[in-house]
Amino acid sequence: MNLSQPYYIDPREGSAHLSLNGKWDFTYADQETAPGLISWNMTTSIPNSVYWSLYEAGVTPHPHEKNNSKQYAWVDQKIWYYRKTFTVDESLRAAHAFLCFEGAAYYTRVFLNGEELGTHEGMFGGPFIDVTGKLQKENELVVRLFAIPFHH
């Protein structure tokens, strides 16, 4: 399912909004891996870039100092995985629910509780995914990303 849908979601407040910003696990691979087989070895804070996340994890030097950006050339040749676990109150699980990304670059595949929700291509404005009836008390969201030059 292509997640480029014509939704516009007004920003929510109070109990109608559950922010997934903050701590996420992340890692990378040379080839696509099933979410259940991924070894999560780094953490980052989202929103963020892969470059900054790698710097904060101690993998690479500061991306904006001197010629350090040259040490990031390998990043676009990897598949990136991000994981967030979150809890949803029972009263919210019965309501309409949308998973709203403010941007995920560039080729995105989204999984919720082991179920693939679909794919999205682009950098800004989405994907927006209707997850009504798919939320549980405890949830695991996995997002797979790869860059434009990646050969898939």
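## Salt bridges, sheet and core in a predicted model

A search of the whole structure turns up 7 salt bridges (a side-chain nitrogen of Lys or Arg within 4 Å of a carboxyl oxygen of Asp or Glu). This is a predicted model, where local features need pLDDT of at least 70, side-chain atom pairs count only at pLDDT 80 or more, and totals for chains, interfaces and linings use all residues. Residues are numbered from 1 along each chain as its sequence is written, and side-chain values use heavy atoms, with hydrogens and water left out.

Here are three of those salt bridges.

| Pair | N to O distance |
|---|---|
| Asp30 and Lys78 | 2.4 Å |
| Glu32 and Arg109 | 2.0 Å |
| Arg83 and Glu140 | 3.6 Å |

Take Asp30 and Lys78 to begin with. Asp30 sits in the loop between strand 1 and strand 2, and Lys78 in the loop between helix 1 and strand 3, so their bridge ties together parts that are 48 residues apart in sequence. Helices (H or I, at least four residues) and strands (E, at least two) are DSSP runs, numbered from the N terminus. Asp30 is exposed, at 57% relative accessible area, whereas Lys78 is buried, at 15%. On that scale, buried means under 20% relative accessible area, exposed over 50%, and partly exposed in between (1.4 Å probe, protein chains only).

Glu32 is in the loop between strand 1 and strand 2 and Arg109 is in strand 5, so this pair connects parts 77 residues apart in sequence. Glu32 counts as partly exposed, at 39% relative accessibility. With Arg83 in strand 3 and Glu140 in strand 8, the pair ties together parts 57 residues apart in sequence. Glu140 is partly exposed too, with a relative accessible area of 28%. Through shared partners, salt bridges also join Glu32, Arg109, Glu116 and Arg144 into one network.

Strand 1 (residues 22-29) is joined to strand 2 by 5 bridges, and Gly22 stands opposite Ile46 in strand 2.

The largest nonpolar core has 26 residues, and those with the most contacts inside it are Leu54, Trp80, Tyr82, Leu99, Val131 and Leu141. A core here is a set of buried Ala, Val, Leu, Ile, Met, Phe, Trp, Tyr and Cys residues joined through side-chain atoms within 4.5 Å. A second, separate core of 7 residues includes Ala29, Trp40, Tyr81 and Phe111.

Rings get together as well: the structure holds 9 aromatic pairs. Rings of Phe, Tyr and Trp (its six-membered ring) pair if their centres lie within 6.5 Å; planes under 30 degrees apart are stacked, over 60 edge-to-face, and the rest tilted. Phe26 and Tyr82 have ring centres 5.6 Å apart and planes at 15°, so they are stacked. Both residues are buried. Tyr51 is partly exposed, at 32% relative accessible area, while Tyr72 is buried, at 1%. Ring pairs also link Phe26, Tyr28, Trp74, Trp80 and Tyr82 into a cluster.

Methods. Pairing = 2+ DSSP bridges.
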